[in-house]
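Biologist: I'd like to learn how to read a pair of packed helices. Can you walk me through one?

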Amino acid sequence: AFGVIADIQFADAEDGHDFGGCRRRYYRHSLRLLREAVREWAGESPPINFVLQLGDSIDGQNARRGEAESALQQVLDVLGQLSVPVHHAWGNHELYNFSRARLVHTGLYSRPAGGSDGPPDRECHAYHCSPAPRLRLVVLDSYDTSTLGRDPGSPHYQESLRVLREKNHNDDLNSPQGLKEPHFVAFNGGFSQAQLDWFDEVLKFSDENQEKVIVMAHVPIHPYASNGVCLAWNYEAALSVIHTHRCVVCVLAGHLHDGAYCQDLHGVHHLTLEGLIETPPDSNAFGTVHVYEDKMVLKGRGRIPDRVMHF
């Protein structure tokens, strides 16, 4: 069993609204809701084995307020009350607050030290581990190709900007207005070819060893588990790797605060979790997933519905 939560986006700030100005965001309350989640997970029976934090743990406004380090520490202190590992995805809000080089040295860097658990690039926050026999968790970095968190003079940044400008002709690169492919916006990102090649090798190993694989990333990789905008730039390439293998049973993501779900034609479940940040203080948004031989059962709290995913 494991806990799941997405888009905490904590800031020690009054309630605000999303970029469209119409959806309420409860910045300060998100920490209290996280404490509730941690209390519930700690009391689960049977006990949970780990927690997946699907990215955007703190809000981008912390950078402007000079509070990025303290906000992150408050979130990590709450999660640190758990006696089980927490696996972190990196989201756009982490990268509004910190450079990739800095994130490597924070508590959000959950990639194991040393070993060959991830791609050769240490700043690519992708890795895999086996939390139980014949079960593998793969954490993907959906901002490996992105203009966020990179030095504007770096080849990584320049190449990402080229990809983005090729598809997005708006002055505001965060605007999907009038785009044929509206997911090519700066608040999304994609997967480098090096990460996809590594991912393919991991899944090959899992196929050979008859493992079931759970994949997590911040940005959804299936259009039907998305609103068409909150979607990884090269989602087709990631899906192509997954569909070349038999082992992946579920892909978990955040980023889209409304949440979404689909089961694709290959039988893979794509679950995008509702965001904590837009959850009213009298509700919540987290879940516990119980994994069986033939299914995963999500017990949701608050805004997150229960779900049974057979494989």
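Modeller: Axes are lines fitted to C-alpha atoms, for helices over the stretch in contact, and angles run from 0 to 180 degrees between N-to-C directions. Helices (H or I, at least four residues) and strands (E, at least two) are DSSP runs, numbered from the N terminus. A word on the source: this is a predicted model, where local features need pLDDT of at least 70, side-chain atom pairs count only at pLDDT 80 or more, and totals for chains, interfaces and linings use all residues. Residues are numbered from 1 along each chain as its sequence is written, and side-chain values use heavy atoms, with hydrogens and water left out.

Biologist: So what describes two packed helices?

Modeller: The angle between their axes and the distance between the axes. Here, helix α1 (residues 29–42) and helix α3 (residues 68–79) have axes that come within 9 Å and cross at roughly 15 degrees. Angles under 35 degrees count as roughly parallel, over 145 as roughly antiparallel, 65 to 115 as roughly perpendicular and the rest as oblique, so α1 and α3 are roughly parallel to each other.

Biologist: Which residues of α1 and α3 meet?

Modeller: Contact means heavy atoms within 4.5 Å. From α1, Leu31, Leu34, Arg35 and Val38 meet Gln74, Val75, Val78 and Leu79 of α3. That contact divides into 6 nonpolar residues, 1 polar and 1 charged (Ala, Val, Leu, Ile, Met, Phe, Trp, Tyr, Cys and Pro count as nonpolar, Asp, Glu, Lys and Arg as charged, the others, Gly among them, as polar).

Biologist: And how many helices and strands does the protein have?

Modeller: The protein has 8 helices and 14 strands. Its C-alpha atoms fill a box of roughly 50 × 40 × 40 Å along the principal axes.
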